[in-house]
Amino acid sequence: MTDSSKSKSMSHSDRIAASLKRRHAAETRFRLYGISAIAIALIFLVIMLGSIFIRGWGGFFETQIELTVDFSRQIIDPEGTNDPAVFARADFRKIVRNALKARFPDVTKRKDVKALKALISKAAGYELSHLIRDDPALIGTTQNIWLPSSDEVDNFMKGSVSRDLPESARRIKDIHVGWIEELEAEGALKSTLNLRFFTHGDSREPENAGIWGAIVGSTLTLFITLILSFPLGVMAAIYLEELSPKTRWTDFIEVNINNMAAVPSIIYGLLGLAVFLNFMHLPRSAPLVGGMVLALMTLPTIIIATRASLKAVPPSIREAARGLGASPIQVVLHHVLPLAMPGILTGTIIGMARALGESAPLLMIGMVAFIVDIPQSFTDPATALPVQVYLWADSPERAFVEKTAAATIVLVAFLVVMNAMAVYLRKRFERRW
Amino acid sequence: MKTALKPKPIRVTVRNTQSSSSVQAMKPAADKNAPAPTLEGAKMNIEKVNVFYGDNQALTDIDLQIRVNEVTALIGPSGCGKSTFLRCLNRMNDTIEECRVSGLVMLDDMDVYGPDVDVVHLRARIGMVFQKPNPFPKSIYENVAYGPRIHGLVSSRADLDDIVMTSLTKAGLIKEVRDRLHESGTSLSGGQQQRLCIARAIAVNPEVILMDEPCSALDPIATARIEELIDELSQNFTIVIVTHSMQQAARVSQRTAFFHLGELVEFGDTEQVFTSPRDERTQGYITGRFG
Ligand SMILES: Nc1ncnc2c1ncn2[C@@H]1O[C@H](COP(=O)(O)OP(=O)(O)OP(=O)(O)O)[C@@H](O)[C@H]1O
Ligand SMILES: [Mg+2]
């Protein structure tokens, strides 16, 4: 090698070395941008979930007070009919009042006796009536029973109403505080899991309001959504992707499907209102109609996800099957579809998760009503989880703040489970060719 | 080899489109009427085939006869239309939207592009092995059993087992997979996968097997095995093979067709094509001067 070419090659490699430094710096910078973006996203996620969790956690618990309840026959069944219908009409609130008076025999002033009532939930009467319904033999006996406290006592116990507030600023008066302290000292006051929250429908009384009605409503709605949108979406995608000739019509349809995926969900609600309710006269507030509306909304998501996963199946598999003499349908059903299934299911689950979290279209078709009963069928009036959150967020009582957050936790839990399922399916069935 | 046993039928040499049409003129258009093919021993008869991809003409006026139980090799530089030609024979081009095929392709006395031809049936008669091994991501057994199953060739599990075992034996794979029939076909090595694909193709018992560069992804040992296999298979099957290896064409085939820029430049006995090519382009290609 000559000298000149040597020096040339030296400067050449020097130049590369110099540029290397710049490139490394750019790489480090880019890495930092990425990490900080993820960190910011994580921080917001933690703040959001953390605040919901902190606020909602108490909603899963309630304060109970132990009282000695006298199931007096005079009150429940004075005429001795032994008729369950008579038991059901009995004045159980009076029994609760009597039990309270018996618990605090020193309280005699009329005003104070009235104040005593505020310790126990208005729902306690139902609780007792259910006990009698299930076991009429209790009539005439005296039992120690844990009854739900009122939401004011519950809030006070959970610390969301401070003891330091002036008396006039809180619903719990000093006299109540005295009684609560007395009960606490005697071990007649405890905090337990609020089972009613998971088994009851909505209620005007926060301590009696439960999420079960909304869960059932959401389940029924999503069931309809799934059985409508999954087969329709998958079949449409298979036809468009595998079987149809590529014409201007299929292009037109494809563009429209992509547009449909971008339509705001409330528009689907309006469509449902106009077509399903006003034109087809289907029942209002029903999971059937909610499911149909959400199916329309989910359909494009499923079609797009299915087409993407069909496209991801290597063409060599199709050629192999076709070369053996498989008919187009056999190629799809025997080879392409099974390979695309994990992707299709992932897309479907994500679509369903979106449908589960959707409230706007349901508002339009009346699934926003106050519904106490647990829906029993697809045509019963029902509400859904996100709508329940919306309803409770709108309620004035202090205790509903907690319920709102608790319902959000339940909703988020469902969403996390569904997304985890999607991730699991993707990982489990990921194939390499 | 078998070539020696067979009576040599009329020699068909195609130098250019001119002479090919003269060959056609020599023989009356009997293919459509007579049940027996005009050319003795011709399994497939291709006349005046033109293929277009959109406006691009990929093949021009191809005339070729593929004789029964022989290996016909297609050679030529990359992009000259060998794969396109091969895929015309079992209508694998049908699914390519912009692809148009004109001309006559006969399998025995059936017009492959005839209006009443069912491609499913056609592909059961003309099997295909692809350049890249493409086993189904299913068990080895299922890979081989798939064809017989969809065509309803078997009535019992025992028959199916039988077909799978004989196909794997014929493909020379049985020793390696006897104990792992239920493992995935994709877990095999490249060469084993290609033999599995061959076993899968012969399980349907086709009359013709088309192979598009079956050894291009394989090492010399695996290639040698597949060549051996092709030799054995040619006793029962008619084989058309695309290859880029002159040696391979010389080793396995009885007849060789040389394609260049979408035209069939030369077609004749392998020995003749390689020892005394008639066209200088063939000469140039086989001696490695271009291609
Ligand atoms: N699907 C297709 N769409 C459009 N043009 C195509 C298509 N397939 C092949 N062609 C064109 O047809 C011509 C012949 O291609 P073909 O694949 O038959 O070549 P080949 O001889 O098999 O080449 P190779 O040896 O590289 O495999 C090429 O010019 C190619 O660009
Ligand atoms: Mg090719």
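In the predicted model, 8 residue pairs in which both members reach pLDDT 80 or more are in polar contact between chain A and chain B. On the side of chain A that touches chain B, helix H14 (315–323) and helix H15 (328–356) of chain A each contribute at least two residues, and H14(A) accounts for the largest share, with 7 residues. Sorted by class, this side of chain A comprises 8 nonpolar, 7 polar and 4 charged residues. In terms of contacts, 19 residues of chain A meet 22 residues of chain B, and the two chains bury about 1700 Å² between them, with 59% of that area on carbon and sulfur atoms. Of the area that chain A buries against chain B, 36% is supplied by A:Glu319, A:Arg322 and A:Leu324, which is more than any other three residues supply. The count of salt bridges between chain A and chain B is 1; B:Arg87 forms a salt bridge with A:Glu319, and the closest N and O atoms of this pair are 2.9 Å apart.

Over all chains, the count of salt bridges comes to 26. In chain A, A:Lys158 forms a salt bridge with A:Asp154, with 2.7 Å between the closest N and O atoms. Because A:Lys158 and A:Asp154 are 4 residues apart in helix H7 (residues 151–158) of chain A, they are separated by about one helical turn. The two partners fall into separate accessibility classes: A:Lys158 is partly exposed, with a relative accessible area of 29%, whereas A:Asp154 is buried, with a relative accessible area of 9%. Elsewhere in chain A, a network of salt bridges links A:Glu241, A:Glu254, A:Arg307 and A:Lys311.

In chain B, a salt bridge joins the side chains of B:Asp108 and B:Arg125, with an N to O distance of 3.3 Å. This pair links distant parts of the chain, 17 residues apart, with B:Asp108 in the loop between strand E4 (99–107) and strand E5 (110–111) of chain B and B:Arg125 in helix H4 (residues 119–125) of chain B. B:Asp108 is partly exposed, with a relative accessible area of 25%, while B:Arg125, at 15% relative accessibility, counts as buried. Another salt bridge in chain B is made by the side chains of B:Arg255 and B:Asp269, at 2.8 Å from N to O. This pair, too, links distant parts of the chain: B:Arg255 lies in strand E9 (residues 255–260) of chain B and B:Asp269 in strand E10 (residues 263–269) of chain B, 14 residues apart. Both B:Arg255 and B:Asp269 are buried.

B:Lys82, by contrast, is buried yet has no salt bridge. This lysine is found in helix H3 (residues 82–89) of chain B, and the nearest side chain of opposite charge, that of B:Glu213, is 5.1 Å away. Because a salt bridge requires the side-chain nitrogen to lie within 4 Å of a carboxyl oxygen, B:Lys82 and B:Glu213, at 5.1 Å, are not paired in this way. A polar atom of the side chain of B:Lys82 does lie 3.0 Å from the backbone oxygen of B:Gly76. When residues up to four places away in sequence are not counted, B:Lys82 touches B:Leu74, B:Ile75, B:Gly76, B:Pro77, B:Val242, B:His244 and B:Phe259.

A further lysine, A:Lys101, lies in helix H4 (residues 92–103) of chain A and is partly exposed, with a relative accessible area of 39%. Leaving aside residues up to four places away in sequence, A:Lys101 touches A:Val113 and A:Leu116. The C-alpha atoms of A:Lys101 and A:Leu116 are separated by 7.9 Å, although these residues are 15 residues apart along the chain.

Backbone geometry was also examined. Most residues other than glycine have a negative phi.

Conventions:
Residues numbered from 1 in each chain as written. Chains lettered and ligands numbered in written order. Predicted model: local features only at pLDDT ≥ 70, side-chain atom pairs only at ≥ 80, totals over all residues. Heavy atoms only, no water. Buried < 20%, exposed > 50% of the residue type's maximum accessible area, 1.4 Å probe, protein only. Lys, Arg positive; Asp, Glu negative; His and termini not counted. Polar contact = N/O pair within 3.5 Å; in protein donor to acceptor, adjacent residues only side chain to side chain. Contact = heavy atoms within 4.5 Å. Buried area = accessible area lost by both parts, 1.4 Å probe. Nonpolar A, V, L, I, M, F, W, Y, C, P; charged D, E, K, R; others polar.
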